[in-house]
Amino acid sequence: VAGELLLLSSVIFLLRVVCGCPVRCRCHSSSHSVDCSRQGLAEIPPDLPPQTLTLNLQDNQIHQLPAFAFRSVPHLRTLNLCNNSLSKLVPGVFHGLQHLQVLNLTQNSLHSLESRLFHSLPQLRELDLSSNNISHLPISLGKPWENLTVFAVQQNQLQQLDRELLESMPSMRLLFLKDNLWKCNCHLLSLKLWLEKFIFKGGITDSVTCASPDTWKGKDLLKIPHELYPPCPFPSPGAGASRVQQLGSARQPDPRSPESHSTGRRDHSECEVKPKPRPVNLRHAVATVVITGVVCGIVCLMMLVAAIYGCTYAAVTAQYNGGRLAQTEVTVKMEGKEPYDSSQA
């Protein structure tokens with residue numbers, strides 16, 4: 001029995017070798033897919049079938065990927081590296097994947113991305129970088145991504161996102177940005193304007209919730225009026241030169257110096273959003289004019305009613321007093337005639 005089991009295992013091993021499927025993976029020849037998920041792998045299997053179109057490496061322990069890591073699968077279209085331990089990607093890691101369309105890098109430990117990282121992926125359609133520790137993205141990731149339609153960076157440490165990066169994705173239709181540390185200052189106004197245009201053209205995105213400053217914490221970026229964003233201050237012409245000259249002497253400023261604290265607070269608050277008590281708004285102005293007109297009309301109407309009532313009351317009083325006065329004069333005249341007539345008699 002032991003001999004038969006050994007023979008069977010040898011046959012299975014030889015079949016795997018002949019078919020070109022790694023020992024710890026499952027290969028499906030009909031769909032040209034290789035599933036190596038949940039195998040505790042620390043590196044890419046070296047004997048992947050060259051005709052592979054879909055490669056699943058999810059839920060492993062891969063810490064790093066060398067350059068040309070996928071040279072053995074040049075026709076790869078879908079690559080899933082979800083839930084590994086990747087902290088950095090070298091620029092040439094995806095070199096040779098001219099046909100890759102879907103790249104899943106979620107649930108890793110990536111902190112940043114280099115601009116040259118995706119140069120060799122001209123056909124990329126979906127890029128998912130969610131649930132990492134990415135604090136910033138480069139302004140450009142190479143040539144314009146004409147084919148990219150889905151871009152996800154939710155659940156990271158992003159505070160800002162450059163508009164130029166988004167404009168390099170003209171075909172994008174789905175954009176996921178929520179659960180980041182968005183700093184809603186003047187520098188994020190360009191992102192707000194781009195998102196409004198993106199939604200107007202039919203794009204779909206989730207919410208961008210402000211994490212700072214405290215004035216807008218928890219607020220949706222798209223619901224903050226444009227008027228509350230002051231323009232960012234332009235750096236002075238000599239600022240760069242002075243900073244270079246002072247780099248050696250001011251590399252470690254004295255934390256006890258009040259000037260350094262005040263300067264730090266000033267630099268930090270230059271771009272902070274300062275809400276105005278009453279922003280200029282055409283609707284508010286029109287509403288104010290209408291309400292003022294209505295109030296003035298009511299006051300004028302009340303004054304007119306009061307005037308009519310006063311005049312009527314004055315006329316009635318004058319008529320009444322005139323009748324009393326005429327009756328009194330008649331009475332006096334009659335009393336004055338009686339003694340005259342009696343004396344004649």
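Good morning. The count of aromatic pairs in this structure comes to 5. Please bear in mind throughout that we are looking at a predicted model.

Let me begin with Phe70 and Phe94. Their ring centres lie 6.3 Å apart and their planes meet at 10°, so this pair is stacked; the cut-off for that label is under 30 degrees. Where do the two residues sit? Phe70 belongs to the loop between strand E3 (54–56) and strand E4 (78–80), and Phe94 to the loop between E4 and strand E5 (102–104), so the pair ties together parts that are 24 residues apart in sequence. Both Phe70 and Phe94 are buried.

I turn now to Phe118 and Trp145. These residues form an edge-to-face pair, with 5.6 Å from centre to centre and 85° between the planes. This pair, too, links distant parts of the chain: Phe118 is in the loop between E5 and strand E6 (126–128), and Trp145 is in the loop between E6 and strand E7 (150–152), 27 residues apart.

Are these two residues buried or exposed? Phe118 has a relative accessible area of 1%, so it is buried. Trp145 has a relative accessibility of 7% and therefore also counts as buried. The cut-off in this step is under 20% relative accessible area.

Taken together, Phe70, Phe94, Phe118 and Trp145 are linked by ring pairs into a cluster.

Finally, let us consider another part of the chain. An unreviewed UniProt entry places the feature "transmembrane region" at residues 285–316. In the model, this span is 100% helix and 0% strand, and its end C-alpha atoms lie 46 Å apart. Thank you for your attention.

Terms used: Residues are numbered from 1 along each chain as its sequence is written. This is a predicted model: local features need pLDDT of at least 70, side-chain atom pairs count only at pLDDT 80 or more; totals for chains, interfaces and linings use all residues. Side-chain values use heavy atoms; hydrogens and water are left out. UniProt positions are given in the numbering used here, feature names are shortened, and annotations may be inferred rather than shown by experiment. Helices (H or I, at least four residues) and strands (E, at least two) are DSSP runs, numbered from the N terminus. Rings of Phe, Tyr and Trp (its six-membered ring) pair if their centres lie within 6.5 Å; planes under 30 degrees apart count as stacked, over 60 as edge-to-face and the rest as tilted. Buried means under 20% relative accessible area, exposed over 50%, partly exposed in between (1.4 Å probe, protein chains only).
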